[in-house]
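Subject: Handing over a structure

Hello,

Please have a look at it first and then read on.

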Amino acid sequence: MAPPRNIAFILEEFGADTPAQHLLDRFLIGYPRDGEFHRPDDWQVHVWLALGVPDQELFRRTQDFPLERHQTVESAAAAADAIVFVPRQIAAPELLESVLQSAAKDSPVFAHGALAETAEEASRLAAQAAERNILLAAGTPLSVTWRLPEIAPPAAALTDAVIVAQGPFPLAELHALDGLLPLLERRTGGDRAVRRVQHFKGARLWGLVDGPRRRLLAAALSCSDSPQGDPVRDGRTQDLLGLNLLPKLAANPRAWQIDHADGLRSTIFVLDGVVADFNLAIKRTDGSLLYAQLFRPPPPQRHEFSRLAATIEQFFRERRPPWSPDRALLTSKLLGMFAAAQ
Amino acid sequence: MIRRTRRQFLASAAAAGCAATFLPGCAQPHPPLSPTPSRRPRVAIIATVVRKYSHAQHFVDRFLEGYGWHGEHHHPPMDLVSMYVDQFPRNDLARERSARHHVPIYPTIAEALTLGGSKLAVDGVLIIGEHGNYPKNDKGQTLYPRYKFFKEVVAVFDSSGRSVPVFNDKHLSTDWDQCVEMVQDSRRLGFPFMAGSSLPVTWRLPALEFAPDTPLRESVCVCYGGIDSYDFHGIETAQCMSERRAGGEVGIKSVLSRRGPAVCDLLDQHPTTRRLVFAALSRSSTLAPTRPGYTGWMPDPDWLRQNSKGFVAYFIEHRDGFRTTVLLLNGLVFDFTYAGSIARPRQTASCQMYLPMPPGRTTLADFFNPLVNHVEQMILSGVAPYPIERTLLTSGMTLAAVESLHRGQAVETPQMAVTYNAPRHSTFWNA
């Protein structure tokens, strides 16, 4: 099958520093990839933007580039043989359903964010895509960004995983899952199903910190370059966990404990006010730890989107999804379980 | 902990003396050291100023509070027991740290090293002569008292008949003869001497390292900042990669510095170098969005020239024909990137030396973590992690580049025939 030549962006919003802008611009202008500036100039780019949202920035691009703007989702999707879908929130399953209905058979479709916020909706979308032989993938830059240090997904049995994130619900949770799940997928042994999700807040949450996960939380926090509190005031390299400062610093903290069927226990800590970056730690059955910061390069360029654009481009050219469809289903399922557990 | 006896000190000092005066490229004699594990090593910090985000604050706090390292909040296995601080501005933090952690600030360097006694009483010394209010000379160099501090440290070593490992932050001095003298002193007294900046040891994106004896032909660093300050970081960025080339480092022959559009004129004459500049730029996270309404744009030579008003570039020729180019693209980038040209197989390798720089991007300058950790290891082992010749040469490159800017012409550097081999193992932060 010939590689796709027409790519459609189906967008619910378009403004400076939105995921839509970062992804569309990279297919119009180019982006740094593997040590050079890469121009994907063999694409004809089509776009549909939801009605009633500001479009002056998109208009600028139609003037500067051979960007074809469409009045309907159906028109844009029908013109393309590959589609990037970027919702305003973390998911827009009804609009994605329209995209899948209009997309050409056998075409690849990438959805920024999650497929849906429940397992049922995500399964329905996946089934719809499969029916039309559409290759469907979803994710955010957190799944492909640099890790400091450069750890690879361990092909070993795992007992515990911890990630520290920030932000509102469910965006922080989506980012945490996108950062963590890729590192858990290659683990050996056992059933990958999720057995239980528990929600923690208040004193119960700090009980989690004092349990066996303390070492992992310490490892994750050791990767942070952005501790809050006294370090902001005078630059000191304070041990926030060792000095028991987390309860004092955290604003409305929440945590999610995920019990996987194979015995792995993953914990997401959303700790606004403690650190301002995403950090994780994973424990193997032999007791050894892996730990890393998920690097988010600074604005305005935010080159984690260059990594995601490269992933999408490769997906489209090779017609091979960048990761298992099960990841998107699991993410949606967990987001639904989080919402139900609150 | 490693400590040398008076007899060992005299023996190595005599041996260094027999080896005649400083000869660039001589192997640094390893002092005969004996372990004394009975107590935690004691460290003194000699600083120009300790205020928020001064270099000394980064070092002092990492010894007092610990820092994130290899999956834990690491506390150095040694004690900061004394400080000498030269200046106390209104935003001073030295006195607060001293009071809270019970670390005395002594009025002289000698007292900081002897803890108020008559003999050297510490096991390691850090000289952090960066930041503070010091005069500039007519070339724009800030006259930090690093040499003066160092000589006062050496005077205590001499009078005590004993020496300990010394770390000097950034370049050695603004005078070549003083730089050489500092290295000579370390050889004469046989103490491990480590110097330089964080750039060689910080994260690399991707984690690029050249194998020893890589057939490297040319190095380029693209960075930002002022002369005699961040230019040194750019030079160290390039040199920590270049020194792994086949044949090792052999020193430099000349340096030509240019400002503004003249930088682009020279790049036009060297298309290979220009290609490396763009390879390095492709690793930048901060490339300026110069087109209204866009967060990024594809750079090209015309764009470079249009924005070249604030550029400064150093074109350095090594004695073996190797070329190093350091470009301060002020206004266009705010990070440090590297690209190198490899002969066989013919390829370009590039990376960013990532600095999590506060206050814009982070709250901590954690690129000091690997630097402090190397200092700790040196104090524990008695072995510097990389040759002091690297910093001698990068100090010389900086001096010659500033001189060339000042004179407006190329500067020949026959005195900088500094030869050395890089350590075979990697020393940057990758775990």
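**Domains and overall build**

Chain B is split into domain 1 (2–196) and domain 2 (201–354); such bounds come from an automatic or database domain assignment. Where the two meet, domain 1 of chain B contributes 7 residues and domain 2 of chain B contributes 5. Contact here means that the C-beta atoms of two residues, placed from the backbone, lie within 7 Å. On the side of domain 1 of chain B that touches domain 2 of chain B, there are 1 nonpolar, 5 polar and 1 charged residues. In this grouping, Ala, Val, Leu, Ile, Met, Phe, Trp, Tyr, Cys and Pro are nonpolar, Asp, Glu, Lys and Arg are charged, and the others, Gly among them, are polar.

Before you go further, please note that this is a predicted model, in which local features need pLDDT of at least 70, side-chain atom pairs count only at pLDDT 80 or more, and totals for chains, interfaces and linings use all residues. Residues are numbered from 1 along each chain as its sequence is written, while chains are lettered from A and ligands numbered from 1 in the order in which they are written.

Chain B has 12 helices and 17 strands. Helices (H or I, at least four residues) and strands (E, at least two) are DSSP runs, numbered from the N terminus. The C-alpha atoms of chain B fill a box of roughly 65 × 50 × 45 Å along the principal axes. Of the 431 residues in chain B, 55% are buried, where buried means 20 or more other C-beta atoms within 10 Å of the residue's own, exposed means 12 or fewer, and partly exposed lies in between, with C-beta atoms placed from the backbone. Among contacts in chain B between residues at least 6 apart in sequence, 77% join residues at least 24 apart.

**A sheet and its helix**

Chain B holds an open sheet of 5 strands in the order β6-β3-β7-β8-β9, with parallel pairing. Its edge strands, β6 (79–87) and β9 (193–196) of chain B, each pair on one side only; strands pair if DSSP finds at least two bridges between them. Inside the sheet, β7 (residues 124–128) and β8 (residues 166–169) of chain B pair in the parallel sense over 3 bridges. Ile127(B) has Asn168(B) in β8(B) as its bridge partner.

Helix α2 (residues 55–65) of chain B packs on this sheet and touches β3 (42–49), β6, β7 and β8 of chain B, its direction making about 155° with that of β3(B). Axes are lines fitted to C-alpha atoms, for helices over the stretch in contact, and angles run from 0 to 180 degrees between N-to-C directions. This helix, α2(B), is mostly covered, with 10 of its 11 residues buried; among them are His55(B), Phe59(B) and Glu65(B). Just after α2(B), Gly66(B) takes a positive phi of about 85°.

**One residue to look up**

Cys223(B) sits in strand β11 (residues 216–223) of chain B. It counts as buried because it has 27 C-beta neighbours inside 10 Å. Leaving out residues up to four places away in sequence, Cys223(B) touches several residues, including Tyr230(B), His233(B) and Phe336(B).

**Where the chains meet**

How many residues of chain A are in contact with chain B? There are 43, and they meet 42 residues of chain B. The side of chain A that touches chain B has 19 nonpolar, 13 polar and 11 charged residues.

Best wishes
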